[in-house]
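I opened this notebook to record what I looked up in one structure.

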Amino acid sequence: MIYGCPRAWINRLVTAKIQVLMVCLGNICRSPTAHGVFKNRIENADLADKIHVDCSGTGNYHIGEKPDLRSIETAARRGYDLSSFRARQVQASDFERFDYILAMDATNLGNLRARCPQVHLPKLQLFLDYAAADCEAVPDPYFSGLEGFDVVLDLIEDASDGLLAHIRDRHFPDPGAG
């Protein structure tokens, strides 16, 4: 406790960032791609000091590994760098730390709900809830051909634009508007 306030609350005030976590199964295809695309959108909007993004997986299959080479290469062709990311598994502390915990599909959303404390359940959503596309899940491209990675990137770019617009409207409204 600092000044009568829990340390986590003080840390939150000091960082004053909206925290976004992208989640898939192994954290080597979809969630690192979403991380890279959304990070790019944040930087291009000059909001890197206000929004932080990370990624993780519900499974423990690839902890410490780089993203799938096909994800890295497909993202690089569109100007996104995923090469520094390393897979990690969702931790209990993530449910408190992050404001938005966005699953790539209903299975991973269910896995998150099973582990999430009740108080943090409202933070859990499907990432494509923010997309204009009429699709519920970012499909896992792991067993598909290269075209599957392009489809994933298309959906993630769409949802990233919608998420950024939502966060701007909700957390950083234009004081001159209206």
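**Entry 1: strand pairing**

I looked up the bridge partner of Q19 and found H52 in strand 2. Helices (H or I, at least four residues) and strands (E, at least two) are DSSP runs, numbered from the N terminus, and I count two strands as paired if DSSP finds at least two bridges between them. The chain crosses from strand 1 through helix 2 (residues 30-44) to strand 2, and I noted this β-α-β crossover as right-handed; with the strands pointing away from the viewer, the path from the first strand over the helix to the second then runs clockwise.

I noted that this is a predicted model, in which local features need pLDDT of at least 70 and side-chain atom pairs count only at pLDDT 80 or more, while totals for chains, interfaces and linings use all residues. Residues are numbered from 1 along each chain as its sequence is written, and side-chain values use heavy atoms, with hydrogens and water left out.

Strand 1 and strand 2 (residues 51-57) run parallel and are joined by 7 bridges. Strand 1 also pairs with strand 3 (residues 100-103), in the parallel sense, over 4 bridges. In strand 3, L102 stands opposite M22.

**Entry 2: burial and core**

I then checked the covering of strand 1 (residues 18-24): 7 of its 7 residues are buried, that is, under 20% relative accessible area, where exposed is over 50% and partly exposed lies in between (1.4 Å probe, protein chains only). I18, V20, M22 and C24 point one way, and Q19, L21 and V23 the other way.

The largest nonpolar core has 34 residues, and V20, M22, F38, I51, F127 and L163 have the most contacts inside it. Such a core is a set of buried Ala, Val, Leu, Ile, Met, Phe, Trp, Tyr and Cys residues joined through side-chain atoms within 4.5 Å. Helix 6 supplies the largest share of this core, 8 residues.

**Entry 3: charged pairs around R78**

Which side chains meet R78 in a salt bridge? I found D150 at 3.5 Å (N to O), D154 at 2.8 Å and E157 at 2.8 Å. The rule asks for a side-chain nitrogen of Lys or Arg within 4 Å of a carboxyl oxygen of Asp or Glu. E157 lies in helix 6 and R78 in the loop between helix 3 and helix 4, so the pair ties together parts that are 79 residues apart in sequence. E157 is buried, at 16% relative accessible area, whereas R78 is partly exposed, at 29%.
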